[in-house]
Amino acid sequence: MPEASTAVFEKDNFNAEKYVKNLVQDCVGGPELQQTKQKIQSLSETVSSTLKKHVYENYMQFIETAKEISHLESEMYQLSHILIEQRNLLTTLRDESMLDDQKNIIEDQSLDPNVNEEQQNRKAIQLIKESLIGYKGNLDDKVFIHEGGLIELDSNDYRPICRIHLFLFNEVLVLAKVRNEKKLEYQTEYETKKIAVINIKDLDGVNKNAINVITSDGARMFQCINSAAKLEWIDKFEHAIKFHQLKKPKKGQAPQPPTSLKFEAPQKSTDSELLTLSPTASEMGRVLVENLPPEWLVTAPEEIQAEIAQRHFEDCLALLQKCEDHLAQDSTFHGAADIGEKIKTLKGSLASVLMHELSNSQSRSLQAALRSSRRPLKLLVEMEKSREACGILLRVCTSAIRTSQRQARRNNLAVSELFFCDVALVASEFLRAFSAKASCTSALIVWCNMELQYFASQLIKHYLTKDTQLEMVAKVVEGVREPCLKLREIGLDLSYHMEGLLRSTLGQLLDEARYRLVDSIGRTEDPWQPYNLQTKTGLRTLLKEFDVLGIDFRAYVTGDTWINLTQATVSFCRHLLQTTESCAYLAKYDSLQRDSEMLIRELFLSQHSIKPPNSLNADMNFVAKNKTYMAEVLLPIAMKRFERIAGKKPDLLMELHTQLRTVPPKPKPRSVYQTDVL
């Protein structure tokens with residue numbers, strides 16, 4: 001008798017039919033042939049076990065490789081950002097080197113000193129209009145003051161952004177962006193009466209020769225070519241800002257108030273000196289002294305600018321409120337209108353700076369972004385800027401949440417739980433900051449709906465794609481539902497909206513799963529014989545597996561390793577209960593309950609309606625026994641499992657169960673000459 005070993009089967013010229021013929025010829029009697037068969041069967045099991053082991057090892061290596069690829073992707077992403085920053089830095093260095101050679105549009109030799117200032121101004125404006133690309137404003141009635149090239153800096157880390165060319169007029173400040181071809185492209189313009197200029201202290205290694213221009217759009221930082229240019233720009237800005245303050249309308253022959261904005265303290269006069277004055281002059285001097293503002297109010301604008309520059313926003317707001325209260329109580333002194341206008345402008349500048357600070361509070365972590373936004377948010381609410389502040393805060397939160405979602409998808413984390421935790425955090429912080437501003441609540445509701453729509457679109461794009469397995473679909477939906485329901489604890493219910501956003505996609509996935517699962521029924525031939533587990537260990541393992549699913553096959557066990565049902569019926573029990581569990585999770589949404597039950601119903605009927613082929617001499621009583629087990633045992637267990645998970649009664653399945661019980665299967669009549677012999 002030849003020895004059965006794997007070496008025989010591994011040969012290239014192995015022929016199964018020839019091997020069996022030789023085996024039959026060499027074996028003496030049935031016992032030897034049976035022994036050889038058992039050895040071959042043992043080799044088959046060993047090979048199968050080895051194959052499974054190799055498959056498992058390959059699968060684990062695949063997982064490790066996927067993790068390494070994920071880490072590598074993250075590192076490549078970081079490397080890409082580093083390269084972009086390096087490129088920006090090199091571009092900035094090149095721009096700074098080119099800034100020294102940049103020439104002004106209005107050069108000294110381009111203007112004729114023999115003509116008057118008005119003609120020179122017209123010529124300068126004409127040159128500027130010809131050099132600006134895309135500018136459609138009116139400069140004809142403006143007075144040109146100064147121009148020059150600067151580098152715009154990021155107000156957070158003082159990183160260079162781009163090259164800017166500034167044109168300063170008496171009424172407007174025109175900004176143009178310098179292109180690589182040294183062309184000037186119009187960017188924006190600001191009214192000089194609504195801007196303020198702050199001198200920034202030079203810091204070694206960080207920034208030098210920088211000024212901060214506070215505009216209606218927020219603070220913008222510019223770097224000059226040297227300290228002399230910086231001082232010149234500050235002087236020119238002050239000249240442009242004071243241009244409006246020095247310009248007063250004519251008022252007939254009535255006595256005019258002082259036109260200067262600098263209020264000097266009155267000189268102390270002795271009583272004898274006052275007596276030497278005439279009664280009228282003495283009275284007028286006393287009136288002028290009484291009508292002068294207090295000294296702290298005169299210096300308040302300069303102190304407010306210094307507080308803004310030093311980021312002492314609380315002290316700045318307190319001083320602004322103090323000035324406004326004083327002006328509200330007494331606005332009869334000379335220059336009250338000028339000081340009030342300056343205070344109003346500075347208050348707008350403070351609001352712009354705070355909004356800029358709030359906009360720049362973005363961070364990779366939402367918690368960090370919310371923490372850094374609390375200070376400017378509180379001050380903006382005190383300044384009655386709640387509507388603008390809540391809009392900026394929600395934009396910051398949107399950026400932080402979407403960044404964290406991308407990172408979570410890249411690292412294969414639970415995106416649903418993270419998203420709804422972030423929404424709850426934003427809602428809590430928003431309600432805390434705007435607790436006294438009920439009108440801002442609508443902005444939060446609109447923001448939640450918009451973020452929910454975006455989250456649902458990303459969920460569909462990455463996790464609920466076509467051909468996604470039903471078990472995975474149920475897992476994703478359940479992962480969304482539970483954290484979404486927790487938002488009710490803070491008074492925010494988004495469950496109905498979330499169901500509506502996923503309804504169409506989930507319905508399509510259920511339809512595709514129904515066609516796919518029903519089509520797979522009956523693909524393998526069923527011998528319609530009792531299921532043999534081969535070993536007692538295999539039988540015990542199967543019984544324990546189905547105990548977890550709620551099915552007890554012990555009443556159908558015969559012999560040592562047999563179950564008195566077909567293998568197809570046993571496998572279908574497992575398949576149906578797993579599908580029922582997935583459908584039950586989806587049926588928690590009311591709109592998906594009928595589709596979920598329809599899938600289970602059609603899947604059950606497809607298996608229940610299978611009949612043995614006519615060519616197979618199957619025992620019809622055994623066939624009827626399998627169908628009866630499915631209708632009387634399996635279907636009720638599936639119905640209970642569905643109701644326990646979904647929390648709803650499966651009406652379609654209950655109706656199906658009633659129909660199957662009223663029409664029992666008719667067994668094939670037996671011949672009187674046949675008998676059951678075990």
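Leaving aside its neighbours within four places in sequence, which residues is S404 in contact with? The partners are L418 and D422, where contact means heavy atoms within 4.5 Å.

## Basis of the model

This is a predicted model, in which local features need pLDDT of at least 70, side-chain atom pairs count only at pLDDT 80 or more, and totals for chains, interfaces and linings use all residues. Residues are numbered from 1 along each chain as its sequence is written, and side-chain values use heavy atoms, with hydrogens and water left out.

S404 sits in helix α13. Helices (H or I, at least four residues) and strands (E, at least two) are DSSP runs, numbered from the N terminus. The relative accessible area of S404 is 16%, so S404 is buried. Buried means under 20% relative accessible area, exposed over 50%, and partly exposed in between (1.4 Å probe, protein chains only).

E384 lies in the loop between α12 (366-382) and α13. Its phi is near 65 degrees, a positive value in a residue other than glycine. E384 counts as exposed because its relative accessibility is 58%. N412 is in the loop between α13 and α14. N412 is not a glycine, yet has a positive phi of about 60 degrees. With 67% relative accessibility, N412 is exposed too.

## Nonpolar cores

The largest nonpolar core has 118 residues. A nonpolar core is a set of buried Ala, Val, Leu, Ile, Met, Phe, Trp, Tyr and Cys residues joined through side-chain atoms within 4.5 Å. F434, M498, F553 and I563 touch the most other members. Not counting residues up to four places away in sequence, F553 touches L542, L543, F546, I563, L565, V570, C573 and Y629. There is also a second, separate core of 21 residues. Its members include V197, F222, W233 and I241.

## The largest cavity

Rolling a probe the size of a water molecule over the atoms shows where empty space is left. Here there are two cavities of 30 Å³ or more. On a 1 Å grid over the protein atoms alone, a cavity is a set of points where a 1.4 Å probe fits but cannot get out; lining residues have an atom within 4 Å of a point. Grid points are joined across faces, edges and corners, and a volume is the space filled by probe spheres set on the points.

The largest cavity has a volume of about 80 Å³. Its lining is I401, R402, Q405, R409, V415, F419, E451, Y454, F455, Q458, L459 and Y463. Two or more of these come from each of α13 (386-410), α14 (415-433) and α15 (441-462). The largest share, five residues, belongs to α15. By class, the lining has seven nonpolar, two polar and three charged residues. Ala, Val, Leu, Ile, Met, Phe, Trp, Tyr, Cys and Pro count as nonpolar, Asp, Glu, Lys and Arg as charged, and the others, Gly among them, as polar.

## The second largest cavity

The second largest cavity has a volume of about 40 Å³. S155, N212, A219, R220, M221, R311, H356 and E357 line this cavity. β8 gives the most, with three residues. The lining divides into two nonpolar, three polar and three charged residues.

Domain 2 (134-246) and domain 3 (311-464) each provide at least three residues of this lining. The domain bounds come from an automatic or database domain assignment.

How values were computed. On a 1 Å grid over the protein atoms alone, a cavity is a set of points where a 1.4 Å probe fits but cannot get out, and a pocket is an open set with protein on both sides within 12 Å along at least five of seven lines; lining residues have an atom within 4 Å of a point.
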